[in-house]
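Please keep the sequence and the coordinates at hand while reading.

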Amino acid sequence: MNARSRWRLGANTTALLVAVVTAFPIFWMVLSAFKPKGEVQSLNPRPWTAHPTLESFRQVLSVDGFGRYFVNSLVIALSVVVLSALVVFLAAVAVTRFRFRFRTTIMVMFLIAQMIPVEALTIPLFFMFRDAGRFAPGIGLNTLASLILVQLAFSLPFGIWMMRGFVAAVPASIEEAAQIDGASRARILWTILLPLVAPGLAATSVFSFIAAWNDFVFAKTFIISATENQTLPSALLVFFKPDENDWGGIMAASTLMTVPVLIFFIAVQRKLVSGLAGAVKD
C-alpha cells in the first residue's frame, strides 16, 4: 500500500469515526423515544430495545396545546426564512454592487454583531419589546411578531455576510450585458441575479430555519402569560419535573421537533451543497 492509499484510508477512517460520533446522540435520542419507560430509566442502558413502543409519542401528542405550539414554531421559522431571504438578498446586492460611504464599516458591524452572546442581549431586548408594545401591541411581549423580529435581527448579519460571497461570485458583466439589451435594474435583480444566487439563499435559509425553530431563550423570555403563543421548545418543560424527569417524553418530543428540520434540509440539500461550494469562491 503506497503513501497515497494509506492517506486516503486514514482520511476515510477519520471521516467515518467523526460521522459515528456526530450521529450517535441522534441515534440515542430516537432509540430512547421508542424504549419503554423501564428501559429508559434503567441503570444499565443498552443500545437496543427488544420491546419498542409508541407510548412516549402518544404522551407527547396528548399534551394540551401541542399542535398549537407546533404551528407557532412553524409560523415563526417560515416567516424568518422568507423575510431574511428577501432582506439578505437585497442587502448583499447593495454592499457588493454599489459603492457608498461606510460600506466597510457596515460589514465590520455585521461581524461584530455575531460576536455578542445572545444571553447578553436578552434583557435589553425584553425591555425594548415591552416598551414597543405600549405603542404597537402587535409587536410587544406575548406575541409571535416579537419572536419573528428578534430571530430576523439575529439571522441577518450572518446571512448578509455569507450572501455577499455569492453575489460577488456572479460576474458583473452579466448584468452589464442585460443593461445593454434594455433590461431594467429590477428585472436584472429578480430574473437574472436571483436565480444565480439561489443556492446561497438556500444555504442561509437552512441556518435561519434551524435557529428560529430551536429557539428557547427568547420564546421563554418574551412569552410570559399568553400560553397560546408558546413554541415547541417551551412545551418540553412539561416533561421536566422537580422529582423525576420524563426522559422518554423528552426524547420523543425532541425526535418530533427534529422531523421538520430534516424535511426542510432534504428539500434544499441540493442547492445547499452547491451553495456552500460557491461560498468558497469569494
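R130 forms a salt bridge with D131, their closest N and O atoms lying 3.4 Å apart, where a salt bridge is a side-chain nitrogen of Lys or Arg within 4 Å of a carboxyl oxygen of Asp or Glu. The model is a predicted one, in which local features need pLDDT of at least 70 and side-chain atom pairs count only at pLDDT 80 or more, while totals for chains, interfaces and linings use all residues. Residues are numbered from 1 along each chain as its sequence is written, and side-chain values use heavy atoms, with hydrogens and water left out.

**Salt bridges**

- A search of the whole structure finds 5 salt bridges, and the one between R130 and D131 joins two residues that both count as partly exposed, R130 at 35% relative accessibility and D131 at 29% (buried means under 20% relative accessible area, exposed over 50%, and partly exposed in between, with a 1.4 Å probe and protein chains only).
- E175 forms a salt bridge with R185, with the closest N and O atoms 3.4 Å apart.
- This pair links distant parts of the chain, since E175 is in helix 8 (residues 172-180) and R185 in helix 9 (residues 185-196), 10 residues apart (helices, H or I of at least four residues, and strands, E of at least two, are DSSP runs numbered from the N terminus).
- E175 is buried, with a relative accessible area of 7%, whereas R185 is partly exposed at 40%, and salt bridges that share partners join R97, E175 and R185 into one network.
- E55 forms a salt bridge with R58, where the closest N and O atoms are 3.5 Å apart; both residues lie in helix 3 (residues 55-61), 3 residues apart, which is about one turn of the helix, and E55 counts as partly exposed at 46% relative accessibility.

**Aromatic pairs and a charge over a ring**

- The structure holds 13 aromatic pairs (rings of Phe, Tyr and Trp, the last by its six-membered ring, pair if their centres lie within 6.5 Å; planes under 30 degrees apart count as stacked, over 60 as edge-to-face and the rest as tilted).
- The rings of F158 and F207 have their centres 5.3 Å apart and their planes at 75°, so this pair is edge-to-face.
- The pair links distant parts of the chain, F158 in helix 7 and F207 in helix 10, 49 residues apart; F158 is partly exposed at 33% relative accessible area, and F207 is partly exposed at 39%.
- F209 and W213 form a stacked pair, 5.9 Å centre to centre with 10° between the planes, and both lie in helix 10, 4 residues apart.
- F209 counts as buried at 2% relative accessibility, W213 is buried at 1%, and ring pairs link F70, F209, W213 and F264 into a cluster.
- The charged end of R164 sits over the ring of W161, 5.7 Å from its centre (NZ of Lys or CZ of Arg must be within 6 Å of the ring centre and within 35 degrees of the ring normal).

**Single residues**

- S205 is found in helix 10 (residues 198-213) and counts as buried at 9% relative accessibility; not counting residues up to four places away in sequence, S205 touches V81, A85 and F264 (contact means heavy atoms within 4.5 Å).
- F102, although not a glycine, has a positive phi of about 65°; F102 is in the loop between helix 4 (66-97) and helix 5 (103-115) and counts as exposed at 53% relative accessibility.
- N142, also a residue other than glycine, has a positive phi near 70°, and is found in the loop between helix 6 (118-135) and helix 7 (144-169).
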